[in-house]
Amino acid sequence: MEKINNITLLDKNFELLISEEEINSKITELARDISKDYTNSSNPPIIIGVMNGSLLFLSDLIRKLTINVELATIRISSYVGTTAGVIRELSDLGINISGRDIIIVDDIVDTGNSMDYLINRLSSESPASIRTCALFIKPSKFTKKFTIDYTAFQIDDKFIVGYGLDYNQLGRNLSQIYTLIE
Ligand code: 5GP
Ligand code: MG
């Protein structure tokens with residue numbers, strides 16, 4: 001898709017916030033950190049991508065890892081339009097994670113509700129460890145206590161789209177990050 005500075009999705013206008021190059025270099029750093037931390041693990045960690053938002057991030061991140069990993073996905077939904085709602089689990093994990101090292105990969109931690117829900121939900125299946133990875137965090141909105149072990153960008157409390165993140169299901173295929181023009 002052409003790289004443009006302003007886009008329209010349905011009734012809303014967005015402007016460029018983070019370029020493809022910036023995203024790429026931050027993911028390279030994240031992949032290096034994760035590879036280093038798990039290089040001596042006896043079992044490959046299981047990367048659990050939270051669909052659909054983490055899809056592009058997940059696929060770029062795992063290709064840059066220099067360790068063996070297993071891959072799983074889980075589908076939850078928490079957003080309607082631009083407002084956070086109730087978390088719904090839309091798919092099952094489908095694998096046994098007991099005794100395994102888990103890295104949950106999501107697009108963005110906003111209030112932290114979704115990640116908190118996933119940590120509790122996956123903890124009940126007795127993994128050896130759980131770490132969290134999110135491309136973006138919004139520190140001013142964060143209300144939970146868990147640690148975000150791996151993150152690339154801290155952003156202001158603004159709604160963003162692109163690179164997996166949607167506005168009413170649109171914009172996920174954009175290769176850069178755009179922010180809502182209020
Ligand atoms: P939380 O549960 O932390 O409040 O929100 C997490 C989920 O809400 C994210 O995984 C993401 O799907 C969605 N979300 C939060 N902030 C944004 C945003 O600025 N833009 C988009 N498109 N989705 C967001
Ligand atoms: Mg999400």
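Modeller: Start with the largest nonpolar core, which has 28 residues. Phe57, Leu61, Cys133 and Phe136 have the most contacts inside it. A nonpolar core here is a set of buried Ala, Val, Leu, Ile, Met, Phe, Trp, Tyr and Cys residues joined through side-chain atoms within 4.5 Å. Buried means under 20% relative accessible area, exposed means over 50%, and partly exposed lies in between (1.4 Å probe, protein chains only).

The elements that give two or more residues to this core are helix H1 (20-38), strand S3 (46-51), helix H2, strand S6 (101-109), strand S7 (129-137) and strand S8 (150-154). H1 gives the most, with six residues. Helices (H or I, at least four residues) and strands (E, at least two) are DSSP runs, numbered from the N terminus. A second, separate core has 19 residues, including Ile76, Val109, Leu118 and Ile119. In soluble globular proteins, nonpolar side chains tend to be buried together.

A word on the source. This is a predicted model: local features need pLDDT of at least 70, side-chain atom pairs count only at pLDDT 80 or more, and totals for chains, interfaces and linings use all residues. Residues are numbered from 1 along each chain as its sequence is written, chains are lettered from A and ligands numbered from 1 in the order in which they are written, and side-chain values use heavy atoms, with hydrogens and water left out.

Now look at H2, residues 55-64. Its buried residues are Phe57, Leu58 and Leu61. Seen down the axis of H2, they fall within an arc of 95°, so they line one face of the helix. The arc is that of the directions from the helix axis to the C-beta atoms.

Turn to Phe136. Leaving out residues up to four places away in sequence, Phe136 touches Ile18, Ile160 and Ile177, among others. Contact means heavy atoms within 4.5 Å. Ile18 stands opposite Ile177 in strand S10. Four bridges join strand S2 (residues 12-18) to S10 (residues 177-180), and the two run antiparallel. Ile160 stands opposite Thr179 in S10. Strands pair if DSSP finds at least two bridges between them.

Phe136 also touches Asp107. An oxygen atom of ligand 1 is 2.7 Å from an N or O atom in the side chain of Asp107. Another side chain to check is Lys138: one of its N or O atoms is 2.8 Å from an oxygen atom of ligand 1. A polar contact is a pair of N or O atoms within 3.5 Å; within protein, one must be able to donate a hydrogen and the other to accept it, and residues adjacent in sequence count only if both atoms are side-chain atoms.
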